[in-house]
Amino acid sequence: MADKKVRTRFAPSPTGFMHIGNLRTALYAYLFAKAEHGDFILRIEDTDRARYVEGAVDFIKRTLSAAGIVPDEGPDDIGGDCGPYVQSERMEIYKEYAVKLVELGHAYYCFCDPGETHTSGDFGGYDRHCRDLPQEEIDAHLKNGDPYVIRQKMPLDGETTYFDVLHGNITIPNSELEDQVLLKRDGMPTYNFANVIDDHLMGVTHIIRGAEFITSTPKHVLLYKGYGWELPTFIHLAPVMGKNEDGSVSKLSKRHGSTSFEDLVNEGYLPEAIVNYVALLGWSPKTTNQEIFSMAELIAAFSLEGLSKSPAVFDYDKLNWVSGEYYKAMGDEEFAGRARKFAGELPDYLEAHWAKLCSLLRTRISHLSEIPREIAFLKEQPAFDAALYTNKRNKVTPEKALELLPEMIELLEQVTEADWNNDALYARLNAYIEEKGLKKGLPMWILRIGVAGQSVTPGGATELLEILGRENSLARLKKSLANLQAL
RNA sequence: GGCGCCAUCGUCAAGUGGUUAAGACACCGCCCUUUCACGGCGGGUUCAUGGGUUCGAAUCCCAUUGGCGUCACCA
């Protein structure tokens, strides 16, 4: 038999932000669909009126778009043949199918008040009070317009088994299954019901979702069977974890830091880099050791076999590395443009040398929000300890600094404004170094510390001199010398 | 607690009965170098524990332990 066209879906509830775990689920569903030349559907599961967040649907669409995940079908302008793609707009459909399931004998009306206790001793769930109500009683309630819910009629014994691509056969005793509500008192379906109806009606062939649904899937399976529908293929993804202060791990959440796509973008991580990293969290390519992937490359490399069934810990170190790789591969001009708004207010001399500064920053930064810290010393010369003039390899000591700094200041004062650039300064200093028979690292170190005031800097001595400008540099050096002499 | 899922370096992971147990991040060392970074080279650390099965087990089975999930008119 010819394989049906693959259709996957991402079905978020509109809660206002895109958690990294959700982003990964969406990404895998998208990658699989595209790898199989199938369709990827976006469906909004907004059946919980209490949790609805205004504008959340647009937010989800914008986020997916920024991440490069493009739905083939979905709400509003996205369109498609299986709409509407927002569950709150499909209420008549759920009602119709719920009633149908009652007729099929796999569901029943329940008139119990939600406030009443209806649990039985050894069984934790609903006590099935209304499961076998006489038909006349049901009709009377209905005729009377009494509020009701529709519950699923679970098998009382036996077990339910289904196949999961990652986990193999999963079997749950039916005694664990509650007669769950399918249609709520307000007419809205529950997740467990709407999900099945929509996945079937929308022709979803592969359900890719989080592992938290493993134990509720038998309920879904019973629903499919109740209607006589073909089962989709299930793929339950292991969760994304975060590392706690004490070294333990738990499901990734706010307390682990920035854990939404939006947060990460705001911190200056490239969307492509985030997607790249997240793809590798719980999946690895089968035929390559490649680490850096474009979306097209991910699609080409993706297969279900590469999915991991154990939880993965979100690692900022590796994200930083991936992100750094993207910036290293980026052109100077594009980097300068993206980086500018992270730098804040800049004095004129830095504004003038922004391009140059960025070329130094680009290879030593993992995300853009590191920039203010990296360039703070350029805005204002930090106070520093003379001990910074100490470097073993270059034989640098504060005494040496005291000796050479005056000479170098004198030499630099002879350089004109017009010649004040990296190459000319370097040539000038080099001549001085050769004349004195010094090791290059010695005076350069002293100069760099003197002008920067900190041990680690983006760029070497002459590069910093150029960026700071003649006047500023000389002022800084003189100040550093004065401090040194005062000791 | 019942039920279920998971278990290879600190982290992401390859591995599907016979390997010196890949690779990447991080870490350490060396080289390069006007610092750091980049780049190059090298290094240490891993099969949770205990039983089986087998000539042989990270790979199969069982138990233990641990982690996680789930038990809503939330999704």
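**From a loop to a kinked helix**

Start at lysine 184, in the loop that links β7 (181-183) to α5 (191-201). The model is predicted. How exposed is lysine 184? Its relative accessible area is 25%. Buried means under 20% and exposed means over 50%, so lysine 184 counts as partly exposed.

Now look at its surroundings. Setting aside residues up to four places away in sequence, lysine 184 touches Thr47, Asp48, Tyr148, Val149, Pro189 and Thr190. For a sense of scale, go to serine 248, 64 residues from lysine 184 along the chain. Their C-alpha atoms are separated by 39 Å.

Threonine 190 lies in the loop between β7 and α5 too. Its relative accessibility is 15%, under the 20% cut-off, so threonine 190 is buried. The side chain of threonine 190 reaches the backbone oxygen of valine 181 at 2.9 Å. Beyond its neighbours within four places in sequence, threonine 190 is in contact with Val181, Leu182 and Lys184.

Next, move to α15, residues 398-413. This helix has 16 residues. From first C-alpha to last it reaches 22 Å, close to the 22 Å expected. Where does α15 kink? The kink, about 35 degrees, lies at leucine 404, shortly before proline 406.

Leucine 404 is also among the buried residues of α15, with Ala401, Leu405, Met408, Ile409, Leu411 and Leu412. An α-helix has 3.6 residues a turn, so residues three or four places apart point the same way. The buried residues of α15 pack against α16 (422-436), α17 (441-452), α18 (461-468) and α19 (470-485).

Note on methods: Residues numbered from 1 in each chain as written. Chains lettered and ligands numbered in written order. Predicted model: local features only at pLDDT ≥ 70, side-chain atom pairs only at ≥ 80, totals over all residues. Heavy atoms only, no water. Helix = DSSP H or I, 4+ residues; strand = E, 2+ residues; numbered from the N terminus. Buried < 20%, exposed > 50% of the residue type's maximum accessible area, 1.4 Å probe, protein only. Contact = heavy atoms within 4.5 Å. Expected span 1.5 Å × (residues − 1). Bend = angle between axes of the 7 residues up to and from the residue. Polar contact = N/O pair within 3.5 Å; in protein donor to acceptor, adjacent residues only side chain to side chain.
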